[in-house]
Amino acid sequence: MAQGCLKCLKYTMCVANFLCFVCGVAVLSFGVYLMVNFNFAGLTPSLASLNIPSMLLISGIIITCVSFLGFLGALKENRCLLMTFFLVIFILMLVELTAACLMLIYEAEIGEIVTRDLNKGLESARNNATKMSDWDIVQNTFKCCGVYNVSDWGNNIPGSCCMKAQCSSRDNASKTDQEYKEGCLKKLKEWFEDNFLTTGIAVIVLCIIEVLGMCFAMTLFCHISRSGLGYKL
């Protein structure tokens, strides 16, 4: 009976970690794709290393490595790997909870930093046409213009600010009645507020998965220890 439970737990953990490994590879690949094609350094030059592609890349590497560690530990019934997997998951969960608390506590300060960096990015893009692609993507996606409004661009209004399909070039976007009136900062804040519940649910689901992973690893570790199987610590 104990051996049957051990095998069931072992293969359940193997399958779960294999699925997480596949997801990690997908996130890693998507992060690399975004980093190659859209680095978003033109939006927030000071926070270029904390952009979405970089975060996806780091997340993908962490998920891939941790899930491989759990898969190998369960498959080989290696107590050392299982304990390492448990500790890594525990540390990651503490880091996530700490980061979430800090973001809530310093929400205003973070908002000021992002706003200041967006203004720097816009100023840089206004003087350097090669950095306009990131702003074009954001303005087309969120139907916005500038940080606060169209006046942020001065006389050099990009075509991505234009509401009309025929206004595709920057020269066509010279009349202020054709541009999006709302700034991208407001639109981004509204988007985050609209997706706050979804983000919260995703964080809770992630924490549940991590707790289940720790429970599975520790249960399998204890079963192996009691049965005298597997590699010793």
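Let us begin with a working term: two residues are in contact when heavy atoms of theirs lie within 4.5 Å. With that in hand, we can walk through this predicted model, in which local features need pLDDT of at least 70, side-chain atom pairs count only at pLDDT 80 or more, and totals for chains, interfaces and linings use all residues. Residues are numbered from 1 along each chain as its sequence is written, and side-chain values use heavy atoms, with hydrogens and water left out.

At 7% relative accessibility, Leu118 counts as buried, where buried means under 20% relative accessible area, exposed over 50% and partly exposed in between, with a 1.4 Å probe and protein chains only. Setting aside residues up to four places away in sequence, Leu118 touches Leu43, Thr44, Trp135, Val147, Leu185 and Leu188. Take Leu43 from that list: Leu118 and Leu43 are 75 residues apart in sequence, yet their C-alpha atoms are 5.7 Å apart in space.

Leu118 also leads us into the largest nonpolar core, which has 17 residues. Such a core is a set of buried Ala, Val, Leu, Ile, Met, Phe, Trp, Tyr and Cys residues joined through side-chain atoms within 4.5 Å. The residues with the most contacts inside this core are Leu118, Trp135, Cys145, Val147 and Trp153. Helix H4 (107-127), helix H5 (132-142) and helix H6 (184-194) each supply at least two of the core residues. Apart from this core lies another, of 16 residues, among them Ala74, Leu81, Ala217 and Leu220. In soluble globular proteins, nonpolar side chains tend to be buried together.

Now turn to helix H5. Its buried residues are Met132, Asp134, Trp135, Val138 and Gln139. Seen down the axis of H5, these residues fall within an arc of 155°, so they line one face of the helix; the arc is that of the directions from the helix axis to the C-beta atoms. The buried residues of H5 pack against H4 and H6.

Gln139 deserves a stop of its own. This residue of helix H5 is buried, with a relative accessible area of 0%. The Gln139 side chain makes a polar contact with the side chain of Trp153 at 3.0 Å. A polar contact is a pair of N or O atoms within 3.5 Å; within protein, one must be able to donate a hydrogen and the other to accept it, and residues adjacent in sequence count only if both atoms are side-chain atoms. Beyond its neighbours within four places in sequence, Gln139 is in contact with residues including Cys144, Cys145, Cys161 and Cys184.

Those cysteines bring us to the disulfides. How many does a search of the whole structure find? The search finds two, a disulfide being a pair of cysteine sulfur atoms within 2.5 Å. One joins Cys144 to Cys184, with an S to S distance of 2.1 Å. This pair links distant parts of the chain, 40 residues apart: Cys144 is in the loop between H5 and H6, and Cys184 is in helix H6. The torsion about the S-S bond of Cys144 and Cys184 is about 90°, so this disulfide is right-handed. Another joins Cys145 to Cys161, with an S to S distance of 2.0 Å. Cys145 and Cys161 each lie in the loop between H5 and H6, so the pair ties together parts that are 16 residues apart in sequence. Here the torsion about the S-S bond is about 85°, so the disulfide of Cys145 and Cys161 is right-handed. With the bonded cysteines numbered in sequence order, the pairing is 1-4, 2-3.

Our last stop is the aromatic rings. Ring pairs link Phe142, Trp191 and Phe192 into a cluster; rings of Phe, Tyr and Trp (its six-membered ring) pair if their centres lie within 6.5 Å, with planes under 30 degrees apart counted as stacked, over 60 as edge-to-face and the rest as tilted. At 42% relative accessibility, Trp191 counts as partly exposed, while Phe192, at 54%, counts as exposed.

Terms used
Helix = DSSP H or I, 4+ residues; strand = E, 2+ residues; numbered from the N terminus.
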